[in-house]
Amino acid sequence: MALIIDGKKIAESIRAEVRAEVEEIKKNRGRLPGLAFILVGEHPASQSYVKMKGKACKEAGFNSLTDRLPANTTEEALLARLRELNEDPAIHGILVQLPLPKHMNESRVIAAIDPRKDVDGFHPVNVGKLMIGEETFVPCTPAGIQELLMRSGNDPAGKHVVVVGRSNIVGKPIANILLQKRAGANAIVTIVHTGAADMAPYLKSADILIAAVGKPEFIHGEQLKPGVVVIDVGINRIPDPGSKTGSRIVGDVHFESAAKVAKAITPVPGGVGPMTIAMLMKNTLKARNLIEKR
Ligand SMILES: NC(=O)c1ccc[n+]([C@@H]2O[C@H](COP(=O)([O-])OP(=O)(O)OC[C@H]3O[C@@H](n4cnc5c(N)ncnc54)[C@H](OP(=O)(O)O)[C@@H]3O)[C@@H](O)[C@H]2O)c1
């Protein structure tokens with residue numbers, strides 16, 4: 001049976017490290033990290049994400065503020081608010097919760113965030129820096145995956161990492177992170193997507209599988225190589241008449257069958273999920289330290 005990679009525990013230790021550094025800042029009467037959230041409209045999942053992130057800021061000892069803008073806010077008004085936050089010395093990180101209402105151009109909005117405050121790592125300058133191996137803000141979910149691998153003793157160096165999915169928020173950045181010639185990376189990376197006529201040979205040759213497909217229990221243990229390390233990014237709600245709520249959350253990998261062949265595996269929930277907020281805290285602290293030139 002596979003070892004379970006406990007994302008909750010690893011995320012908690014990262015959050016404790018962040019808290020300890022904030023305590024030091026407080027002691028030295030330095031400026032506390034400040035994170036601004038912008039939420040446009042009433043998207044229920046976005047509202048709960050922003051609430052969770054705000055709570056994490058409080059626990060970390062950060063200052064945070066949330067701008068809740070109505071769904072009919074114009075793009076110009078949002079850009080004007082971003083200009084203010086870019087100039088605000090108390091704010092070190094800016095997070096525009098996606099998705100934005102349809103009348104807004106997401107690329108234009110993200111590009112309006114000062115790259116030094118882009119703690120989500122979505123600004124094209126930071127995406128480019130990641131690609132060429134420069135120090136930058138790495139998007140939180142893939143940054144969390146790298147931490148999970150390293151802190152669970154599964155260094156990707158020299159390993160064949162197969163990433164299923166090529167989204168801009170998970171697949172592409174994690175592939176870019178792990179292929180860099182540096183500690184914690186240096187992997188041989190393959191990205192699989194719907195263009196593959198047959199995924200089977202790619203899956204079978206993975207030493208580390210990163211599944212970011214968005215399809216419930218899409219990959220099964222029989223498709224994997226014995227001893228593989230499985231990182232399951234998927235968060236999918238499926239009907240479950242036996243549960244109180246009538247549904248439950250599963251990953252992109254069929255856990256029971258994969259756990260039989262894998263050396264280690266992340267559960268869903270409790271694997272990659274908790275890492276995203278922990279890495280947001282870490283990125284914000286990093287932005288604060290760079291801006292305050294500490
Ligand atoms: N904090 C977290 O834990 C966190 C954060 C982000 C996302 N997630 C979860 O991770 C999953 C992926 O998210 P995402 O935003 O990356 O999803 P996405 O934008 O929908 O991308 C899915 C990717 O999977 C590929 N794919 C879909 N069906 C496939 C198939 N049959 N064969 C091969 N490839 C296939 C798609 O290929 P094409 O490009 O060819 O269409 C696409 O590149 C979702 O379940 C999401 O909820 C979790």
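**Helix pairs, cis bonds and a positive phi**

Author: Pro142, Ile145 and Gln146 of helix 6 meet Pro173, Ile174, Ile177 and Leu178 of helix 7. By class, the residues of this contact are 6 nonpolar, 1 polar and no charged. Bear in mind that the model is predicted.

Reader: Why are helix 2 and helix 10 called oblique to each other?

Author: Apply the cut-offs again. The axes of helix 2 (residues 44-60) and helix 10 (residues 273-291) cross at roughly 55 degrees and come within 10 Å. Roughly parallel needs an angle under 35 degrees, and roughly perpendicular needs 65 to 115. Helix 2 and helix 10 are therefore oblique. This crossing, too, is right-handed.

Reader: Which residues of helix 2 and helix 10 meet?

Author: Met52, Lys53, Ala56 and Ala60 come from helix 2. Ile277, Leu280 and Met281 come from helix 10. The contact holds 6 nonpolar residues, no polar ones and 1 charged. Lys counts as charged, so Lys53 is the charged residue here.

Reader: How do you know that the bond from Leu98 to Pro99 is cis?

Author: By omega, which is near 0 degrees. Pro99 sits in the loop between strand 4 (93-96) and helix 4 (106-111). Val268 and Pro269 are also joined by a cis peptide bond, with omega about -5 degrees. Pro269 lies in the loop between strand 11 (264-265) and helix 10.

Reader: What makes Arg29 worth a look?

Author: Its phi is near 55 degrees, a positive value in a residue other than glycine. Most residues other than glycine have a negative phi. Arg29 belongs to the loop between helix 1 (7-27) and strand 2 (34-40).

Reader: Which residues come nearest to the ligand?

Author: Gly165, Ser167, His193, Thr194 and Gly214, out of 25 residues around the ligand. The shell divides into 10 nonpolar, 12 polar and 3 charged.

Reader: Where are the domains?

Author: The domain assignment gives domain 1 as 29-114 and domain 2 as 140-273. Their centres, taken over C-alpha atoms, are 29 Å apart.

Definitions and conventions: Residues numbered from 1 in each chain as written. Predicted model: local features only at pLDDT ≥ 70, side-chain atom pairs only at ≥ 80, totals over all residues. Axes fitted to C-alpha atoms, helices over the stretch in contact; angles between N-to-C directions. Helix = DSSP H or I, 4+ residues; strand = E, 2+ residues; numbered from the N terminus. Parallel < 35°, antiparallel > 145°, perpendicular 65-115°, else oblique. Left-handed = near helix turned anticlockwise from the far one by under 90°. Contact = placed C-beta atoms within 7 Å. Domains from an automatic or database assignment. Near = placed C-beta within 6 Å.
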